[in-house]
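This report looks at aromatic rings and the charges beside them. The sequence and model come first.

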Amino acid sequence: MKVIVVGATHGGYEAVEALQSIYPDAEVQWYEKGDIDPLVVGNSKNDAEKDIHSIRGMSLEEMKQCGIYVFDNTEITKVEPDKHQVEVLSHVTGKTWRETYDKIILSPGAHPSLQSVPGNDLKNIGTMSNRQDIVRMKKHSEDPAIKNVVVVGAGHIGIGAAQVFSEAGKNVTVVDINDRPLSRYLDKELTDILQQELTDRNATLALDNIVTAFVGDDHGRVTEVVTKKGTYPADLVIMSIGNRPNTAWLEGAVELLPDGLIKTDEYLRTSEPDVFAIGDATTVQYNPGQTTMSIALATNARRQARYAVRNLEEAKHPFPGVQGSSAMQAFGYKFATTGLTEKIARRLGIQIKSVYWEQDTLITHSFSTDNKTHVMFKLIYDPKTLEILGGQIMSEEDMTAHIHAISIAIQAHFTVEQLAYADFFFQPGLNTPWNVLNMAGLKALQQENRA
Ligand SMILES: Cc1cc2nc3c(=O)[nH]c(=O)nc-3n(C[C@H](O)[C@H](O)[C@H](O)COP(=O)(O)OP(=O)(O)OC[C@H]3O[C@@H](n4cnc5c(N)ncnc54)[C@H](O)[C@@H]3O)c2cc1C
């Protein structure tokens with residue numbers, strides 16, 4: 001069997017690894033139109049010094065030894081499903097050719113959107129999509145000529161950028177169309193705290209607002225960001241307002257949804273036989289919302305990749321869906337979220353109820369109560385069935401792993417009663433007799449007069 005994999009980050013890499021373990025005799029051709037990020041492939045499986053950031057550890061050399069043909073700086077420009085054929089363009093030689101396939105897995109990902117307003121092509125307006133962008137951001141943060149930074153979009157990436165520049169002593173302004181930062185991930189109880197942290201660190205929050213233009217100087221460099229509510233000085237603008245799928249080249253080849261995402265079924269098959277698609281260019285089954293939606297996460301791309309490969313020869317393994325779990329640390333807090341928030345529930349028209357619970361939890365090996373940390377937790381559930389639909393946790397110490405339990409609880413249709421009495425350990429210094437998750441479950445039962 002000859003399999004072509006398109007895209008060489010999370011989805012593409014995982015597909016290649018899965019192919020290698022499930023179909024070791026398959027001929028695999030792996031295409032990436034840019035450079036292959038050295039952090040995507042590892043140095044060596046046996047190298048103890050391996051960069052901890054490398055995703056798995058299979059080096060390009062090891063891949064080649066396993067019979068995987070790796071083509072970097074080589075773009076697939078067209079898929080012709082009826083002929084089981086692709087068109088290939090080498091960006092190194094300019095040469096084009098055709099390759100046939102038995103199966104093809106598309107993981108072309110997405111690119112950051114730029115707001116279509118006057119001045120959006122000025123210098124020093126950038127986006128964050130790959131490692132080079134992160135390296136560039138670090139350089140900018142050390143550049144004394146950059147004093148004013150405007151971040152447009154207060155999601156994970158925008159807030160991450162705001163933190164970097166705020167710590168570097170820049171004047172940071174965060175503009176967002178929503179009235180709260182991180183509003184897709186956390187509810188108001190928690191974003192209020194982060195919002196306060198941002199303002200305490202002298203960041204300006206321009207929320208419930210939109211950018212209408214960028215203004216530049218004679219050298220074509222951005223100097224100001226004009227918004228509906230005011231104008232902000234800017235030597236650098238970071239745009240993080242969302243993504244658009246890299247699928248223009250697939251038009252007419254496979255069915256695309258109105259927003260350009262590739263339409264797939266529960267087996268990761270596209271509209272065309274033997275063409276599979278995964279990752280940020282697709283939608284994913286979102287269990288708590290009982291719907292499919294775009295959730296751009298590496299975790300989703302990787303799980304989809306495994307399922308695409310498992311379904312390659314026979315559609316036997318429906319994708320189990322995700323809860324959209326994510327985590328982050330910013331401004332002294334570590335937080336994680338899974339499933340529905342109030343905002344997502346409203347958008348999907350789903351009735352929810354919630355409880356918000358705060359407690360001190362012991363986090364060190366000491367019996368001293370000085371070593372407690374304060375943890376804040378919000379539980380979302382279905383008011384009719386009492387099934388758990390979401391959870392958010394935040395504290396200064398790392399309590400984010402609790403969210404794994406809530407993610408599984410959502411997937412397993414656990415109720416608040418099951419959570420209230422779930423068997424979580426007690427050990428002085430490590431956990432309280434009733435874990436914060438138990439407590440939220442108990443509180444929800446009380447709220448429902450079912451305690
Ligand atoms: C700054 C940042 C931080 C993030 N942090 C996290 C995190 O902490 N946790 C998490 O879960 N997710 C995180 N994400 C999201 C995660 O990176 C993406 O969800 C993931 O990379 C998606 O993988 P993908 O394979 O679908 O696509 P992409 O990563 O977008 O990769 C697609 C690849 O395909 C190539 N390609 C496209 N078209 C073609 C073609 N025609 N021919 C050849 N090659 C092609 C592209 O050049 C690209 O390299 C982060 C994203 C960003 C931008």
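## Charges over rings

The charged end of Lys95 is placed over the ring of Trp97, 5.2 Å from the ring's centre. The model is predicted. Arg310 lies over the face of Tyr307, with 4.9 Å to the ring centre. Trp97 has a relative accessibility of 24% and so counts as partly exposed.

## Aromatic pairs

A pair of aromatic rings is described by the distance of the centres and the angle of the planes. Searching the whole structure gives five aromatic pairs. One of them joins Tyr31 and Phe71: the ring centres are 4.5 Å apart and the planes are at 10 degrees, so this pair is stacked. Tyr31 belongs to strand E2 (residues 27–31) and Phe71 to strand E3 (residues 68–71), so the pair ties together parts 40 residues apart in sequence.

Tyr31 is buried, its relative accessible area being 1%. Phe71 has 22% relative accessibility and counts as partly exposed, because buried means under 20%.

## A cluster of rings

Phe71 also pairs with Trp97: their ring centres are 6.4 Å apart and their planes at 50 degrees, so the pair is tilted. Planes count as stacked under 30 degrees and as edge-to-face over 60, which means that an angle between these limits is called tilted. Phe71 is in strand E3 and Trp97 in strand E6 (residues 96–100), so parts 26 residues apart in sequence are tied together by this pair.

Through ring pairs, Tyr31, Phe71 and Trp97 are linked into a cluster.

Definitions and conventions: Residues numbered from 1 in each chain as written. Predicted model: local features only at pLDDT ≥ 70, side-chain atom pairs only at ≥ 80, totals over all residues. Heavy atoms only, no water. Phe/Tyr/Trp six-rings, centres within 6.5 Å; stacked < 30°, edge-to-face > 60°. Helix = DSSP H or I, 4+ residues; strand = E, 2+ residues; numbered from the N terminus. Buried < 20%, exposed > 50% of the residue type's maximum accessible area, 1.4 Å probe, protein only. Lys NZ or Arg CZ within 6 Å of the ring centre and 35° of its normal.
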